Amino acid sequence: MESRCHRLLLAVLFLACTTGLWGAAAHADTKRVLVLNSYHEGYHWTDRIMSGIHSVFDAQEDVELFINYMDAKRVSDETHYRLLRDLYRHEYQSQRMDVIIATDDHALDFLLQYRDELFPGVPVVFNGINDYQPSRIAGHEFITGLAETYDVPGTLDLMLRLHPKTRQIAVVSDATGAGDDFRRQVERAAQAYAARVRFTYLTNLGKDDLRQTLSRLPPDALVLWVTYLRTPDGVSISSQESVRFITTASNVPTYCVYDVVGLGVVGGKVTSPRSQGYFAAQMALRYLRGARIEDMPVTRTPLEYLFDYNAMQRFGISESALPPHSIVLNEPHSAYERYKRIIWGLVAFLVALVGIIMALGYYIRKRKRAEEALQTSEERFRALYYDNPAMFFTIDPKGTVISVNEYGAAQLGYTIAELTGSSVLDVFHEEDREAALRNLEACYAHPDVIHRWSLRKVRKDGSMLWVREAARLVQDNNDNASILIVCEDITESYELAEKLSHQASHDALTGLVNRREFERRAELLLATIRMGKDEHALCFMDLDQFKVVNDTCGHVAGDEMLRQLTSVLQSTVRQRDTLARLGGDEFGILMEHCSLAHAQRVAAFIQKAIQDYQFLWEGHGFKVGVSMGLVAMTKATSNLTELMMDADAACYIAKEMGRNRIHVYHTKDSEVARRHGEMQWVARIHHALDSGRLALHAQVIVPLDGGTDRHYELLLRMVDEDGGLVTPGAFLPAAERYNLVSKLDRWVIGRAFRLLVGHPEFLSQVNFCSINLSGQSLAEIGFLDFVVAKLAESGLDGGKVCFEITETAAISNLNAATAFISTLKGLGCRFALDDFGSGLSSFGYLKNLPVDYLKIDGMFVRDMIEDPIDRAMVKSINDIGHVMGMKTIAEFVENDIIVGMLTEIGVNFAQGYGVGEPHPFEDLLRRARNVSDIGHARSGVGGTF
């Protein structure tokens, strides 16, 4: 009896430790380290960083790791961040972290935004940060870490030292942003070897072309793999697949600049994710051991010479030729190294055997005292088992409850007597009983393993709770087996996870599926079409005049209208169809097993239902229409992206043709073709931003009153694939339609500030330079903060910058424009109201805008010689501007006659081809020793280019 109780006590203690029941008492001094990974588990970069972190902390018995994965490779929008914030708040609300390790950019950005809310005062150690700048953590305390670095020149030098007869280096890269960046690094470093080696750039080749090119390389060539993770047709390939493909296709050695060693490359001077994880963990450990975060500055990632023994053998590279402190992977070991674990295992066994013999002697001496203490231990066991605040069950091989503790019985609403002798399956949810039975059978099949599962239990009153269970087989001295189960109530966590899952796929306002879930279901339909003969249809809907409701009654009314319209739509669509809110006032419908003709009838029925609906709000009544784009889903449909583009284009055409109508997409539809042409500009704009194919031109603004002021307006240009210039009129409409114009404004501001600060000679000779801003940028949350931050970061005097906003943009966003202007004027910046006079209420709104300059719309200036009305408009605008203390600038000044008329009216400045044409801004800056000497005087007006 005593021996049986002793064994049962040991089993209970073991399971209690695995569930953390005694964690607080036994590990009061344990340090808690939270590791927040940007990407998902299984992603090779993240797993290697975690390997480095584990190599430090696994040996620290007083450190407990809490590891989380943000999964930012798959989803990284603000909604995802907020859901993660709520999850972490719930998960760690009762646990204090001592230090946080953030891997890669998304984790650091998340902590910069939410650390003070979730983990106030907890230090952060980051690693894997690209293009690190100190301004990134400015204003945040207790943050340090490692910034990621590369050494392209170091790898090139290594290659030529190991292969001195090299005459050609083939550089393999793709057309991604990272590929372009690495290629430019190689191009800069290659200049030092131009007289010795010819560099060939194999950029963005298809796999077949790349294989043929590599196979034809001469023996005195080398290959440098910088990155090849995406083919020209947009197919992504893993690092492992890419490197194996390159090294197999080539008969000459291949090198790399970041760690893909071990997959076929010879090696390189590389940055290693495992080293980043190791050094970040070392910094965190130093802090836990008493060092101060302030005494650990941000450092660069250490680089190391890393080589693959098998690749070295393939190309006859001796280990003695490698640089000092090189690391060689896959190197065969000596007999001792090969059997080291076995040898030391035998030694440990012998030592343990001696220890056991000594322990037996000690045990015999202690046996008597242990027997005396057994009764006390049994009493403690009973207190632990029956009074513990966790659910304990002991069951026999037939599933009968042998015992249950008081807390466990109370949680289920029973007494101990009611549960003892009953089947444990009776307290499981009926849908989970089969799974519970399989789990119990697994405990008997694998007695040496602790088994864990999560299932539903049912209380006596019929309510349900989710439990996480840990179970293990135990045996007494008579080999009688039973299963000990420890249960933890996880109902609240499970319900939160379910809520997060639902929120990730549904729209919070209407309860409909969101765009992401809609597109996932559309992908499934496209897959079924390719395997069968089904035909489906996709309908894209955009409400007409919805903005009137928001503007008249506010966004609360607009949200209520969307909810009511959702009910209307749900009552009209077919039961098997998918209705989704795609964003704003846009909806989509997937019509399954539906021909295009039938889809048109369904769409017409939906359109009539919306037309018949009237929204009432506080005495106001509103009716809205809907523009609909309809497209068939057939085997000819290439992919989801094209499908969505076709539906969006058809909907847009329906709006252009008068709204509240249905437009059916056809492959030869000329209107859709025009729309697609506009959409193609989106990709070109993105490519221009990523590849540096944007440029600034400058046009002079000259005084007409004999003054010495000299201004320039900076104008955006795109450089096309052939090196020609594309004016904004070609690409700005697409940028505004697809909300890209703010990105262009950000690029212009950043580029202009850098150029102006870098050319103080020019800056000292001009009053200011003007920069155009779009209406979208004025209304964008965070754009004002961006401008203020860029101004502070560059150190540029705000008085040297004048921002131009159009009259239409200012009036459309009057409150935002006023706040924007007031804030930047406080920093010394000036403002000009562009295209003034083109709006419908120019003078009425002018007094609400604290601008310094009025730019008179060129449509009045251009024809003022022949048209007295235009001349009168110019004079009126000029007079009003002067009365309000503003200076005036006339646009589209094309000849000396207009200059004379403007001077007579009293306009302050002139701009146009008649006084100076736009030229590249950098050319002007390079010639700016004396700005007044640039060009020649024209009609006594001022300098030109």
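Rings of Phe, Tyr and Trp (its six-membered ring) are taken to pair if their centres lie within 6.5 Å. With that cut-off, the structure, which is a predicted model, holds 23 aromatic pairs. One of these joins Phe783 and Phe820, whose ring centres are 6.1 Å apart and whose planes meet at 20°. Planes under 30 degrees apart count as stacked, so the pair of Phe783 and Phe820 is stacked. Phe783 belongs to helix H28 (residues 783-794) and Phe820 to helix H30 (residues 814-825), so the pair ties together parts that are 37 residues apart in sequence.

Phe66, Tyr81, Tyr88, Tyr92, Phe110, Tyr114 and Phe119 form one aromatic cluster. Rings take part in contacts with charged groups as well. The charged end of Lys207 sits over the ring of Phe245, at 5.1 Å from the ring centre. For Lys457, the charged end sits over the ring of Phe393, and here the distance to the centre is 5.3 Å.

Turning to the strands, an open sheet is formed by 6 strands with parallel pairing, in the order S2-S1-S3-S4-S5-S11. Its edges are strand S2 (63-69) and strand S11 (299-300), each of which pairs on one side only. Within the sheet, strand S4 (residues 124-129) pairs with strand S5 (residues 143-147) in the parallel sense over 4 bridges, and Phe126 stands opposite Gly145 in S5. Helix H5 (residues 104-118) lies across strand S1 (31-37), strand S3 (99-103), S4 and S5, and runs at about 145° to S4.

The nonpolar interior comes next. In soluble globular proteins, nonpolar side chains tend to be buried together. The largest nonpolar core here has 79 residues, and those with the most contacts inside it are Phe762, Phe803, Leu902 and Phe921. Helix H25 (residues 741-757) gives the most to this core, contributing 9 residues. Leaving out residues up to four places away in sequence, Phe921 touches Leu696, His697, Ala698, Leu714, Leu755, Leu756 and Phe762. A second, separate core has 51 residues, among them Ala190, Leu224, Val261 and Tyr305.

Val226 lies in strand S8 (residues 221-227) and, with a relative accessible area of 0%, is buried. Apart from neighbours within four places in sequence, Val226 is in contact with Val171, Val172, Ser173, Phe182, Val186, Val257 and Tyr258. The C-alpha atoms of Val226 and Asp180 are 9.7 Å apart in space, while the two residues are 46 residues apart in sequence. Ser774, by contrast, is found in the loop between strand S29 (768-773) and helix H27 (775-779). With residues up to four places away in sequence not counted, Ser774 touches Val741 and Asp745.

Terms used
Residues numbered from 1 in each chain as written. Predicted model: local features only at pLDDT ≥ 70, side-chain atom pairs only at ≥ 80, totals over all residues. Heavy atoms only, no water. Pairing = 2+ DSSP bridges. Helix = DSSP H or I, 4+ residues; strand = E, 2+ residues; numbered from the N terminus. Contact = heavy atoms within 4.5 Å. Axes fitted to C-alpha atoms, helices over the stretch in contact; angles between N-to-C directions. Core = buried A, V, L, I, M, F, W, Y, C linked by side-chain atoms within 4.5 Å. Buried < 20%, exposed > 50% of the residue type's maximum accessible area, 1.4 Å probe, protein only. Phe/Tyr/Trp six-rings, centres within 6.5 Å; stacked < 30°, edge-to-face > 60°. Lys NZ or Arg CZ within 6 Å of the ring centre and 35° of its normal.
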